[in-house]
Structures are given as C-alpha cells and as structure tokens.
Amino acid sequence: MNIVLCEYVNKNKYNAGNKARNDVLLITKKLGYKHIALYRSGASKILVMIHLIRGSIDAVLCAGKNEKILIQYPYYPSAVNKLLFAVLNFGKKIKKYKLELVVHDVIGLRNGKLDTGEGQAVLASEIGKMSIFDKVICHNEAMKKVFNTFSPETNCKVLGPFDYLYNGKSIVAEPELPWKIVIAGNLKQEKCGYLYKLPNLSNIKFELYGPDYSGSPGENISYHGSFSPDELISHINGHFGLVWDGESCELCSGAYGQYLKYNNPHKFSLYLASGIPVIVWTESAIARYVEEKGIGLCVSSLEEMDIVLNDLEREKYYSIKDNVLKIRKDIISGKHLMAALAD
C-alpha cells in the first residue's frame with residue numbers, strides 16, 4: 001500500500017492554508033494512497049514531535065517492500081524534516097520500501113544567499129539530506145540542475161507547473177483595450193514592492209487580488225479583495241496573469257525575485273487554471289516553459305509590457321489563449337503530479 005504523510009489542522013480536516021499541499025493530498029487520494037496524519041499544524045513543538053514520531057512509525061509499519069511513502073517538503077518547524085527523514089530512512093533499510101518527495105520550496109534557494117559561501121553550504125546541506133529519497137519531484141529543469149550539482153546521485157523528476165484542482169468555471173475576458181493584467185497572491189510590500197511602484201502604462205490596467213495590499217488603487221489599478229483559493233478563479237477577470245516578484249519594476253530583484261530563477265510559483269498555476277495567458281520575467285525558470293508551450297509573453301521589465309502588448313494582434317492573443325486552455329485541462333485535473341508519481 002502506498003502512503004502519503006499529511007499535516008492536519010485537526011483530526012478530520014486538512015490544512016486549508018496551502019492549496020498546493022492540499023491538492024497533493026487530494027490527487028494521491030484519487031490514486032489510492034493511504035493517508036497517515038503526522039501532526040496538527042499550530043500545535044506546540046513538543047506535541048508536533050510526539051505526533052510526528054507516531055505518524056512516521058505508523059507509516060514504516062504499514063509500508064511493504066517496494067511500496068511508496070510520499071512526503072511533502074518542507075515541513076515546519078525545520079526540525080520536523082530532520083527527525084522525519086531519520087525515522088523513514090531507518091525504516092527503509094529494514095522494510096525496503098521506496099521514499100518519494102514532493103518539493104514545494106527549497107529554503108537554500110529562497111533565502112537569497114546563494115551567492116555567498118554560507119548560502120552555498122546551507123543549500124548543499126539541505127539538498128544532501130534528500131539523497132535518501134528514491135525520487136525527488138522538483139519544479140523544473142533549473143531546479144533539477146541545482147539538485148544534481150549538489151547531489152548527483154539524487155533521482156529528480158520534473159513536475160512542471162503545479163496542479164490546481166478546480167471544477168468550476170472561469171471568466172472569459174475578450175481582448176479589448178485596456179489590457180487587464182491580473183496580479184494575484186500575497187500582496188505584501190516586503191514580497192512584491194514593485195506593486196507599489198507600478199508604471200502608468202498606456203492601455204494597461206492592473207487587477208489586484210489577494211491579502212495585505214496597503215497601496216492606493218488609482219486610475220490604472222483596481223483592488224478586488226482577497227478570496228480563498230477555491231473561490232478566486234471565479235472572480236479573476238483579466239487578459240493576462242503577471243508572475244513577478246521583488247522590489248523593482250526593471251527586473252525581479254531581491255530574494256523573492258531571484259527565487260523565480262528556480263521555482264514554479266503557485267500563482268502561475270492559478271492563472272493557467274483560470275484560463276488566462278501569462279506574462280513572466282525573461283530570466284525566470286518558467287520563461288522557457290511559457291515559450292515552448294506558447295502560453296504567454298516574456299518581458300525583461302514591466303515597462304516592456306507596453307511595447308509588447310501594443311504589438312499584440314487579436315488573432316495572436318486567441319492562439320495563445322487556446323494553448324493555455326489545452327494545458328488547463330491537465331492542471332485542474334491533477335495530471336502533472338499523476339505523471340510525476342508514475343514509475
């Protein structure tokens with residue numbers, strides 16, 4: 001029996017705070033994985049460790065030879081990962097099951113210290129610990145390259161865009177001026193300072209969705225409030241979804257901006273699940289995917305959107321949108337993770 005270890009809010013409810021993690025649980029449930037609770041989020045550190053030991057031992061006892069135990073990375077606090085890896089690796093040597101890992105974030109890539117000796121050491125240590133897994137499901141080829149550089153023996157499988165399970169309808173926006181650019185997600189100034197410096201571009205209006213927006217909407221900026229991940233798609237109304245992070249409108253800067261060189265942001269999947277094309281930074285890891293699939297535009301700065309969109313013909317937009325809708329079917333049904341989990 002294949003097993004997935006879960007973090008719960010309480011005895012009978014998954015953590016609703018993270019759509020990506022919850023979708024992994026729902027997809028594995030469809031595939032027949034047995035769910036075993038690790039711990040309740042928000043519990044004290046002592047209780048977390050007690051439940052963690054109990055849950056991981058339950059998984060070790062349930063898993064048979066060549067069956068799989070799947071976990072999601074990282075868990076918090078970080079001590080959870082170290083203890084969990086140790087227990088599961090010990091059991092693996094005895095029971096001969098397979099360990100698989102779905103990567104949501106790589107702390108050593110996200111902390112913005114990759115260009116320092118200390119940062120390199122942190123990343124090397126983090127990735128090295130994952131060598132116990134028979135399969136590590138990472139975001140894209142750029143992330144896989146980093147993993148293989150620090151741990152050549154690690155078997156990495158590229159996921160592609162995260163799945164975004166959804167069975168409702170999305171709003172269809174006709175390509176007419178002004179172009180509506182959707183910016184969704186956490187709108188904190190410390191994460192996306194660029195948002196508070198948006199240029200006033202001709203024929204472009206920004207449509208904002210998400211928590212912690214402290215700016216002032218204006219003629220070219222509308223703020224629509226915050227919605228749960230399952231409700232958001234039915235509210236999004238725009239022509240393109242923007243994937244951008246950091247302080248600057250000239251490039252994706254700072255720790256959050258530079259992280260885009262390695263990760264697949266969940267908002268990328270949100271936009272595709274909403275059926276809208278994307279605009280991404282040319283140096284981001286997802287730019288290659290966007291170009292290969294023909295699902296959006298790549299720009300080096302936000303001001304470049306003005307030039308690119310002014311040259312975009314109606315027929316070309318429909319062609320891009322058709323490509324998005326083809327991928328959307330797989331994303332909203334969980335096909336990416338299903339393919340990555342398949343042997």
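Entry: I began with Lys96, which is found in the loop between H3 and strand E5 (98–103). For my own reference, helices (H or I, at least four residues) and strands (E, at least two) are DSSP runs, numbered from the N terminus. Lys96 is not a glycine, yet its phi is positive, about 65°. I also checked its cover: Lys96 is partly exposed, with a relative accessible area of 48%. Here buried means under 20% relative accessible area, exposed over 50%, and partly exposed in between (1.4 Å probe, protein chains only).

I found a positive phi at Asn203 too, near 65°. Asn203 is found in the loop between E8 and E9, and it is partly exposed at 34% relative accessible area. I noted both because most residues other than glycine have a negative phi, and most peptide bonds are trans.

Next I looked at two cis peptide bonds. One joins Tyr73 and Pro74, with omega about 0°; Pro74 lies in the loop between strand E4 (68–73) and H3. Another joins Leu177 and Pro178, again with omega about 0°. Pro178 lies in the loop between strand E7 (156–158) and strand E8 (179–184).

**Entry: how to read the model.** I must remember that this is a predicted model: local features need pLDDT of at least 70, side-chain atom pairs count only at pLDDT 80 or more, and totals for chains, interfaces and linings use all residues. Residues are numbered from 1 along each chain as its sequence is written, and side-chain values use heavy atoms, with hydrogens and water left out.

Entry: Asn81 sits in helix H3 (residues 78–95) and counts as buried at 6% relative accessibility. What is Asn81 in contact with, leaving aside its neighbours within four places in sequence? I found Tyr73, Pro74 and Tyr75 (contact means heavy atoms within 4.5 Å). Tyr73 and Pro74 are also the pair joined by a cis peptide bond.

Asn22 is in helix H1 (residues 19–30), and at 14% relative accessibility it counts as buried.

Gly218 belongs to the loop between strand E9 (204–209) and strand E10 (221–223). Gly218 counts as partly exposed, at 40% relative accessibility. Its C-alpha is 9.6 Å from that of Phe206, 12 residues apart in sequence.

**Entry: cysteines.** How many disulfides does the structure hold? I counted zero (a disulfide is a pair of cysteine sulfur atoms within 2.5 Å). The sulfur of Cys6 is 12 Å from the closest cysteine sulfur, in Cys62, so the two are too far apart for a bond. Cys6 is buried, with a relative accessible area of 0%, whereas Cys62 is partly exposed at 37%.

**Entry: the whole chain.** The protein chain has 13 helices and 13 strands. Its radius of gyration is 21 Å, close to the 20 Å that the globule rule gives for 343 residues, so the chain is as compact as a globular protein of that length. The radius is taken over C-alpha atoms, and the rule is 2.2 Å times the number of residues to the power 0.38. I read the span of the C-alpha trace along its principal axes as about 65 × 45 × 35 Å. Of the 343 residues, 53% count as buried.
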